[in-house]
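Hi,

Here is the structure I promised to pass on.

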Amino acid sequence: MVNAFSRQQLALLYQLQGSDLELLATHKQLQVIPRQIEQLQAGITKYRAVLTAKSAELGEAEKAQRARNAELEMNAVQREKYKAEQREVKTNEAYDALERQIEFLNQKDGEAEDAILELMEDSDLLKAELTELEAEVDREDKKTFEQTAELQQEQKALETQMTEKLAERKAFLTKIDKRLSEHYHRWFERQKTGFVALGENGTCGSCHIAIQPQTLKEAQKYEKPVYCSSCKRLLYVQPLSPDIPFP
Ligand SMILES: [Zn+2]
């Protein structure tokens with residue numbers, strides 16, 4: 001381990017960490033996209049439900065109208081029957097009784113006609129609302145379709161990107177000392193955060209606690225792994241000489 005350890009190894013590990021954090025972010029994005037697509041679909045389903053309910057309302061109004069019209073037809077038949085009977089009756093009382101029945105039918109007709117007018121107004125209003133709603137659903141449909149396609153495209157691009165990065169990663173990993181990389185992977189699996197912390201201006205770049213002078217001196221030798229006493233991350237500190245590349 002001591003021999004395999006070097007500043008270059010730290011630099012490579014730090015580079016790997018950067019690309020792993022990107023991979024992690026891509027992975028998270030990929031998990032979010034299907035949920036976003038589901039939400040879009042749920043939105044349009046809700047719109048369609050409103051449209052269906054409004055259609056049903058119109059259907060009911062039209063059905064009620066038909067029932068009222070049937071009532072008028074039945075009344076007309078009944079009225080003719082009463083009139084025919086009136087021509088046959090022998091007494092005034094019987095004639096008057098039929099006349100009252102006819103008046104009652106006329107009154108019922110009036111009520112039915114009023115109801116029909118009201119129902120027609122309701123239907124007209126519903127039809128206008130439906131037309132507007134249908135246009136709105138069409139617009140939402142189109143928007144949802146476009147947004148879904150965009151998300152699917154993004155998903156595909158991210159998947160491709162991820163596959164490429166994973167292949168690159170596999171090749172890159174061969175440059176890193178096995179024990180060092182094992183340690184790194186154990187940390188990354190557990191914490192899902194970076195294992196290597198940059199040390200700049202005497203401070204741990206991860207937890208921002210000052211690095212003790214003795215620790216800093218040790219770390220600047222790059223001879224063995226030196227860890228932050230606070231967050232326990234592997235320290236990759238700024239070299240003493242500005243000629244040495246960092247990070
Ligand atoms: Zn730290």
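**The helix pair**

H1 and H2 cross in a left-handed way (left-handed meaning that the near helix is turned anticlockwise from the far one by less than a right angle, right-handed that it is turned clockwise). By class, their contact has 32 nonpolar, 18 polar and 20 charged residues. Here Ala, Val, Leu, Ile, Met, Phe, Trp, Tyr, Cys and Pro count as nonpolar, Asp, Glu, Lys and Arg as charged, and the others, Gly among them, as polar.

Before I go on: this is a predicted model, where local features need pLDDT of at least 70 and side-chain atom pairs count only at pLDDT 80 or more, while totals for chains, interfaces and linings use all residues. Residue numbers start from 1 along each chain as its sequence is written.

Back to the pair. H1 and helix H2 (residues 92-173) pack at about 165°, and their axes are 5 Å apart. (Axes are lines fitted to C-alpha atoms, for helices over the stretch in contact, and angles run from 0 to 180 degrees between N-to-C directions.) H1 and H2 are therefore roughly antiparallel, a label for angles over 145 degrees.

**The sheet**

Three strands make an open, mixed sheet in the order S2-S1-S3. Strand S2 (203-204) and strand S3 (234-237) are at the edges with a single partner strand each, so one side of each has no neighbour in the sheet. Pairing here requires at least two DSSP bridges between the strands.

Strand S1 (residues 196-200) runs parallel to S3, with 4 bridges between them. Ala 197 sits opposite Leu 235 in S3, and Leu 198 is opposite Tyr 236 in S3. Helix H1 (residues 7-88) packs on the sheet, where it touches S1 and S3, and its direction makes about 120° with that of S1. Contact means C-beta atoms, placed from the backbone, within 7 Å.

On the other pairing, S1 and S2 are antiparallel and joined by 2 bridges. Glu 200 has Thr 203 in S2 as its bridge partner. The two strands form a hairpin with 2 residues between them, and Asn 201 in the turn has a positive phi of about 50°.

**The whole protein**

In total there are 4 helices and 3 strands, following the pattern α-α-α-β-β-α-β along the sequence. These are DSSP runs numbered from the N terminus: helices are H or I with at least four residues, strands E with at least two. The radius of gyration is 41 Å, well over the 18 Å that the globule rule gives for 247 residues, so the protein is more spread out than a compact globule. (The radius is taken over C-alpha atoms, and the rule is 2.2 Å times the number of residues to the power 0.38.) The C-alpha atoms fill a box of roughly 130 × 35 × 30 Å along the principal axes.

Cheers

Definitions and conventions:
Two residues are in contact if their C-beta atoms, placed from the backbone, lie within 7 Å. Angles under 35 degrees count as roughly parallel, over 145 as roughly antiparallel, 65 to 115 as roughly perpendicular and the rest as oblique.
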